[in-house]
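Trainee: I would like to learn how to read a structure. Please take me through some features, one at a time.

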Amino acid sequence: MSSFREILRSGRPVFFDGGLGTMLQARGLPPGASPEGFSLERPEILRAIHKEYALAGADVVTTNTFGGTSFKLPKGLEVFSFNRRMAEIAREAADEAGAETGRRVFVAGSLGPSGLFMPPLGDVSFEDMVAAYREQIRGLLAGGVDLLLAETQFDLAETRAILFAVRQESDIPLGASMTFEDCSSLTGSSPEVFAAAISNMDVDFIGTNCSAGPREIAEAVERLLACSPLPLLAQPNAGLPELVDGETVFRLSPEPFAEITATFSAAGVQCLGGCCGTTPDHIRALKARVDGEKRFTPRAREAGHVILTSRSSLVRIGLSEPVRMIGERINPTGKKQLTAELSAGEFTTALRFSDEQIAMGATVLDVNVGAPMVDETVLLPDLATRLAGRHTVPLCLDSSNPAAIAAALSRYPGSPLVNSISGEAGSMETLGPLCRDFGAPFILLPLQGKKLPETAAERIAIIEKLLREMEALRIPRHLAMVDVLALTVSANPMAARECLAVIRHCAEVLKLPTSMGLSNISFGLPARELINSTFLSMSIGAGLSACIANPGNARVMEALAASDLLNGKDEGAERFIGKYSGWTSGAGGTGGSGTAASPASGQVDAAGQGKAAMSLEDAVILGRKENIEELVAAALEKGEAPFALVNERLIPAITVVGGKYESKEYFLPQLIRSAEAMQAAFALLRPHLERDAGKAERPVIVTATVEGDIHDIGKNIVNLMLENHGFEVVDLGKDVTARSIVDAAREKNAAVIGLSALMTTTMIRMQDTVSLLQEEKLAIPVMVGGAVVTQTFAEKIGAAYSPDAVGAVRTAHELVAKRTHQ
């Protein structure tokens, strides 16, 4: 019978199964109990559910291992043996159903999110994350799965770590599915960024699942279809959960679910299934609605492009794209202050260079820390992490040390550019597989041996050799671009012409994007900016896709913008007019580097990009924690009262951040960064506040993740925001009983209780706390939130609802005010 990859390649519709948690609940899983432990104790129930899905028409049944890592499994369950057993049960059911129906039923090993974050959002290292998933993956493989599916993912960095872990263990078919709300993941990845970053990796299909019903995920599906070069999977919920007679219910019945979800197939989605609340009847109805004869063809990859991403933005570099400016300034060569700071492990100048270059128009930042006495394996990943938390533009990791590149790739939450892989012995063998497994595009550098390849023919021969090596290592060409090796014309008058010949060959014959270190061409000559800008224009005419240069050079930026306009890569001349409407001849100077137009310092733009924090408010809004101490000290020295700083400057600033988060200008990384900057300011001001007014009493809020639920990311973010808005937070942690919550609220004289739940199987435990408060006649208001919690659910259990951390602050203030006035 056909393998799963052959089925995908055939283009025929593929049907996945539906929800497991709600099915287990319907078969006897007690509320709040562990689905994992229950399935081990009652394997016949789990086996029957898998078989029912297969008999209903599912081509793929998914193992009950969503929480199967050491991060989530209940104590006493061993990771390898648990995952192997879950895979064996699914395998048995699939084979039984296959024998009865005469078709092959595949088993997908479920890899759910860890519920934790890696730096800079959390403290779980990449190595620990990968090790945990490799242990789970080994168990699933031993149990006989046919494919692996990283599902319900909400953070791009963790998704990449899971996929990397898979490829360290097996070449098994692999998919990744992200959950979106309003077309954004929890940490700010759009469908386009998710598709670009994950399609760069060695995966077979991508998709979206959970979060909402088919109507609500339709836009995310449409946007994935518009950009993904891989087959798509869509698995919506059966609507949104509601509480009915103490049970979680999904209202969307099989026929309406099938009618809406089948439209995804008509639009081009090859793989369909269901998530929370769906049953075998939903899958049966869906399969009946889909044309089984339809054949799907994924959107073809456009030749001559690479795509770089950060966690929340992407940059296409290619033949039909505007020419990209890769900022070169974070490089210690010739920079004494930067060299001294890097040698001391400091990043002040590097971070300032990053701000300035983005303000000047850099769309990618080259990052090189190769100063004397520097351990690049430590410094490069550290600086990459700082920059990833500070800016949304992608990075170019620039080092000749493979270990430093590997370390930085493990810490970067997207698809950075690697600079570079040369023709030297061992370079491709070492770095190529690393870039393949991380999904990191890279620059091919035509250098080999001691002699510089001065002619175009010599460089092209090295490039073609590198391409053959890539093919032997299964490294896709869509990850490669070429440095055309600009050499100085002062030493070789033909250097520019040879370079142009390489650009044309790459663009017209090899269909590869190109870049170059621009300043090399003018080395040793006067009027270097004039030479550089002229050569850049000539190179763009030949087909250059990007250049590594100083975006603060006005002549170069003018040449780049004008070339894009004249090449038809600036629709409506919008970018050119926006930047140069006030241009005058010679404004860039004749000998020095000019200054490109830049935003006014001290003002904050939507993304917080490229600007130094000029005020205390800016430091909070931009999340510039490193500037806080100096700014607070300066304000106090000027005589500003500590309480005035908090009430008139800090609180309004964090309120601006909250507004940006609610309007989707900011996402979770920016929210956390700003909250941490605010906390740093409070820590500095607290002694002054307590001296001036004694230890001011703040309203207490007790927070907890309810019994049976071990997810606390959302709760922790809410805690951070509440503390910044004047609450004293008592965090009870996760998997907390109603009795413990109520006792703590009584003991701490809590003004509010905040409850969190991520799973439909545990959200009903929120009602336990509300009921216990009523029984004990404690008039403490409760607010609830979490991925599966809705306004309707909250109202039914008698609690207030908050959709996110910013809303939680507002709701908490309202509850305190209402209680005060009662």
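Trainee: Are Phe164 and Phe438 buried or exposed?

Mentor: Buried means under 20% relative accessible area, exposed over 50%, and partly exposed in between, with a 1.4 Å probe and protein chains only. Phe164 is buried, and Phe438 is buried too. Note that this is a predicted model, where local features need pLDDT of at least 70, side-chain atom pairs count only at pLDDT 80 or more, and totals for chains, interfaces and linings use all residues. Residues are numbered from 1 along each chain as its sequence is written, and side-chain values use heavy atoms, with hydrogens and water left out.

Trainee: How many aromatic pairs does a search of the whole structure find?

Mentor: A pair of aromatic rings is described by the distance of the centres and the angle of the planes. Rings of Phe, Tyr and Trp (its six-membered ring) pair if their centres lie within 6.5 Å; planes under 30 degrees apart count as stacked, over 60 as edge-to-face and the rest as tilted. The search finds ten pairs. In one of them, the ring centres of Phe16 and Phe205 are 5.9 Å apart and the planes are at 55°, so the pair is tilted. Phe16 sits in the loop between strand 1 and helix 2, and Phe205 in strand 6, 189 residues apart. Helices (H or I, at least four residues) and strands (E, at least two) are DSSP runs, numbered from the N terminus. Phe16 has 0% relative accessibility, and Phe205 also has 0%.

Trainee: Which residues do ring pairs link into a cluster?

Mentor: The cluster consists of Phe4, Phe16, Phe106 and Phe205.

Trainee: In what order do the eight strands of the open sheet lie?

Mentor: Two strands pair if DSSP finds at least two bridges between them. The order here is 19-18-17-16-15-14-13-20, with parallel pairing. Strands 19 and 20 stand at the edges with a single partner strand each, so one side of each has no neighbour in the sheet. Strand 13 and strand 14 pair over three bridges, and Gly327 has Leu365 in strand 14 as its bridge partner.

Trainee: Which ring does Arg329 lie over?

Mentor: A charge sits over a ring if NZ of Lys or CZ of Arg is within 6 Å of the ring centre and within 35 degrees of the ring normal. Arg329 lies over the face of Phe353, 4.4 Å from the ring centre. Lys660 lies over the face of Tyr666, at 5.8 Å from the ring centre.
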